[in-house]
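Take a look at the fold below.

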Amino acid sequence: MDTNRPGLQLNRRRILMGAALAAVPSALLPDARAGAQAAVDYPSAEWQPAISTNYTASNRPGSYSIDRVIIHITQETYSDTLAIFRNPDRKVSAHYVVRSADGHVAQCVREADVAWHAGNWDYNTRSVGIEHEGWVDQPAYFTNALYEQSAKLTAAICSHYGIPKDRQHIIGHYEVPGSDHSDPGPLWDWVRYIRLVNFA
């Protein structure tokens, strides 16, 4: 066997390099999640994708203009909400979920895509939906952290798409035409929220 041929030496080099790479501890290699994290539209968010059968792939704002932010309350825990968005039988999603305890933000659907959150196709196509962990009748879930982090998120969305930071363009789910939902409910402090959005 002729081992002096360049092709064979290159193959042997590749084999040795592969073996050396395999010996490197995984802690020294780039995190595989780093690529997924880059998928977020809001830099502070964590990527927690909804299953693709629970939203409509799109190219907004090219395909549809975005002129609303819709505020929701999950009526579930944070982790259960993420699980619902991954369940193909549920046929529901939102762009973001905000956790009550610390205001942590998860992004579940890209803003360019149409999340199924409003129960109204026209409003789905033209809005970004933000779910907030909690129940409409339990104001303890509406923590300072939840209000503050959600307001920063909403302010960033409004700034990005040129959406006015007012109650005509930042609306509750109950304000969507044809909605049978009451969220975010009468205990949601709209005055405080809009003020936080404008000062974020």
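Where does Gln-75 lie? Gln-75 is in the loop between strand 3 and helix 3. This is a predicted model. In it, the phi of Gln-75 is near 60 degrees, a positive value in a residue that is not glycine. Most residues other than glycine have a negative phi, and most peptide bonds are trans. Gln-75 is partly exposed, with a relative accessible area of 32%.

## The overall plan

The protein chain has six helices and eight strands. From the N terminus on, the elements run α-α-β-β-β-α-β-β-β-α-β-α-β-α. Buried residues make up 40% of the 200 residues in the chain. Now take the contacts between residues at least 6 apart in sequence. Of these, 71% join residues at least 24 apart.

Strands of a sheet pair through backbone hydrogen bonds, either parallel or antiparallel.

| Strand pair | Sense | Bridges |
|---|---|---|
| Strand 1 and strand 5 | parallel | two bridges |
| Strand 3 and strand 7 | parallel | six bridges |
| Strand 3 and strand 8 | parallel | three bridges |

Glu-46 stands opposite Ala-106 in strand 5. Val-69 stands opposite Val-128 in strand 7. Ile-71 stands opposite Gly-172 in strand 8.

Why is strand 3 largely enclosed by the rest of the structure? Six of the six residues of strand 3 are buried, so the strand is largely enclosed. Arg-68, Ile-70 and His-72 point one way from strand 3. Val-69, Ile-71 and Ile-73 point the other way. All of them are buried.

## Helices over the sheet

Helix 5 (residues 144-161) has 18 residues. It reaches 26 Å from its first C-alpha to its last, close to the 26 Å expected at 1.5 Å a residue. Its buried residues include Leu-146, Leu-153, Ile-157 and Tyr-161. What covers the buried residues of helix 5 includes strand 3 (68-73), strand 7 (127-132) and helix 6 (190-199). Just after helix 5, Gly-162 takes a positive phi of about 70 degrees.

In soluble globular proteins, nonpolar side chains tend to be buried together. The largest nonpolar core here has 29 residues. Tyr-96, Leu-153, Ile-157, Ile-170, Trp-188 and Tyr-193 touch the most other members. Strand 3, strand 4, strand 7, helix 5 and helix 6 each supply at least two residues of this core. Helix 5 gives the most, with eight residues. A second, separate core of twelve residues includes Tyr-78, Leu-82, Cys-108 and Ala-115.

What does Ile-170 contact, leaving aside its neighbours within four places in sequence? Among its contacts are Val-69, Ile-71, Thr-154, Cys-158 and Tyr-193.

## Loops worth a look

Asn-87 is in the loop between helix 3 (78-85) and strand 4 (96-98). At 27% relative accessibility, it counts as partly exposed. Not counting residues up to four places away in sequence, Asn-87 touches Ile-51 and Asn-54. Asn-87 and Ile-51 are 36 residues apart in sequence, but 6.8 Å apart in space, C-alpha to C-alpha. The side chain of Asn-87 also reaches the backbone nitrogen of Asp-89 at 2.8 Å.

Lys-91 is also found in the loop between helix 3 and strand 4. It has a positive phi of about 55 degrees although it is not a glycine. Lys-91 is partly exposed, with a relative accessible area of 47%.

One joins Arg-60 and Pro-61, with omega about 0 degrees. Pro-61 is in the loop between strand 2 (55-56) and strand 3. Another runs from Asp-183 to Pro-184, with omega near 10 degrees. Pro-184 is in the loop between strand 8 and helix 6.

Note on methods
Residues numbered from 1 in each chain as written. Predicted model: local features only at pLDDT ≥ 70, side-chain atom pairs only at ≥ 80, totals over all residues. Heavy atoms only, no water. Helix = DSSP H or I, 4+ residues; strand = E, 2+ residues; numbered from the N terminus. Buried < 20%, exposed > 50% of the residue type's maximum accessible area, 1.4 Å probe, protein only. Contact = heavy atoms within 4.5 Å. Polar contact = N/O pair within 3.5 Å; in protein donor to acceptor, adjacent residues only side chain to side chain. Expected span 1.5 Å × (residues − 1). Core = buried A, V, L, I, M, F, W, Y, C linked by side-chain atoms within 4.5 Å. Pairing = 2+ DSSP bridges.
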